[in-house]
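Hi,

Here is the structure I promised to pass on to you. Have a look at it first, and then read my notes below.

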Amino acid sequence: MPYVKVNDLEMFYEKMGHGENLIFLHSGYSRGILAFASQILDFQKKYTCYFPDFRGHGRTRCESLEWSTPQIADDVIEFMGQLNMDAAHLVGYSLGANVGLYLAVNHPERVITLTTIGTSGFCDPTGVEEFEPEWLIDKGMQTTIDQMMERHSEAHKGNWQEFMKQSAEDWRLYPQLTTEQLGSIQCPCLFISGEHDPFVDEERVKYLSSLVKGSKYLVVSGGSHRPHMTRENPTLVNDSILQLLEQSRDDLKEAR
């Protein structure tokens with residue numbers, strides 16, 4: 001599988017499909033291909049799909065174990081440059097959704113469309129204490145610890161506790177975007193949440209959509225924080241995103 005030199009990283013990514021560029025931005029505690037397993041088949045038919053592992057995650061390598069949402073956004077821009085992508089569609093989940101917002105705000109010319117899943121657009125540290133390494137050890141959450149060691153062993157060099165500390169710190173701090181910054185987003189956007197997402201209820205995702213002119217939002221009935229995954233409603237989510245992407249392409253053709 002390919003690596004590419006991105007800033008101080010050896011960034012691991014997977015690529016499949018043909019067509020316009022589409023970058024999937026994974027959640028915290030996860031990695032590219034794992035977070036979007038239910039999207040691969042539907043999207044690779046019409047789009048060249050990229051699944052990078054973020055700084056500090058998965059199989060991406062770096063001497064430093066520090067990372068943050070803004071750093072990851074900078075890495076994605078460099079990743080695009082290294083692969084000669086002028087612009088791309090973005091689909092981001094949770095942490096990756098926040099990264100997508102930063103990209104749409106700070107690099108609007110590089111984002112064709114943006115879909116977010118599981119973000120309100122504003123910082124909310126609710127529940128973060130249950131992901132601190134001390135809490136996991138105290139509560140005997142060995143399965144979670146084993147998952148973090150297995151998924152990110154190359155990125156954190158076996159130091160799962162530092163990985164969890166970095167993740168919690170980022171959760172507490174980001175995103176740090178103002179309503180004015182969010183309102184400056186110009187690309188077509190779709191904001192998705194699950195009906196039972198503990199972090200992003202309908203009121204919050206509706207408010208985010210109200211800030212971004214022309215955007216739409218979708219609340220997936222019965223969905224949790226991950227409505228795009230298997231055993232939830234990936235078909236509805238995939239069809240809704242594909243509709244956004246295809247409408248964007250049609251609008252661009254008309255404009256020409």
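How far apart are the mean positions of the 23 positive and 37 negative charges of the protein chain? They are 5 Å apart. For this count, Lys and Arg are positive and Asp and Glu are negative, while His and the chain ends are not counted. Each charge is placed at NZ of Lys, CZ of Arg, CG of Asp or CD of Glu.

Before you go further, some ground rules. This is a predicted model, where local features need pLDDT of at least 70 and side-chain atom pairs count only at pLDDT 80 or more, though totals for chains, interfaces and linings use all residues. Residues are numbered from 1 along each chain as its sequence is written, and side-chain values use heavy atoms, with hydrogens and water left out.

Now the overall picture. The protein chain has 10 helices and 8 strands; these are DSSP runs numbered from the N terminus, with helices (H or I) of at least four residues and strands (E) of at least two. Its C-alpha atoms fill a box of roughly 55 × 40 × 35 Å along the principal axes. The radius of gyration is 17 Å, which agrees with the value near 18 Å that a compact globule of 256 residues would have. That radius is taken over C-alpha atoms, and the globule rule is 2.2 Å times the number of residues to the power 0.38.

Of the 256 residues, 52% count as buried. Buried means under 20% relative accessible area, exposed means over 50%, and partly exposed is in between (1.4 Å probe, protein chains only). The chain exposes about 11,900 Å², and carbon and sulfur atoms supply 47% of that; the areas come from the Shrake-Rupley method with a 1.4 Å probe. Among contacts (heavy atoms within 4.5 Å) with a separation of 6 or more, 76% are between residues 24 or more positions apart.

On to the charged pairs. Side chains of opposite charge can pair when their charged atoms come close. The structure holds 11 salt bridges, each one a side-chain nitrogen of Lys or Arg within 4 Å of a carboxyl oxygen of Asp or Glu.

One of them joins Glu 10 and Arg 61, at 3.3 Å from N to O. Glu 10 sits in strand E2 and Arg 61 in the loop between strand E4 and helix H3, so this pair ties together parts that are 51 residues apart in sequence. Both are partly exposed, Glu 10 at 39% and Arg 61 at 33%.

Arg 61 also meets Glu 154, at 3.2 Å. Glu 154 belongs to helix H6, and the two partners are 93 residues apart. Shared partners join Glu 10, Arg 59, Arg 61 and Glu 154 into one network of salt bridges.

Another bridge pairs Lys 46 with Glu 246, with the closest N and O atoms 3.1 Å apart. Lys 46 is in the loop between helix H2 and E4, while Glu 246 is in helix H10, 200 residues away.

Last stop: is Ser 209 buried or exposed? Ser 209 counts as buried, at 9% relative accessibility. You'll find Ser 209 in helix H9. Leaving out residues up to four places away in sequence, Ser 209 touches Phe 191, Ser 215, Lys 216 and Tyr 217.

Cheers
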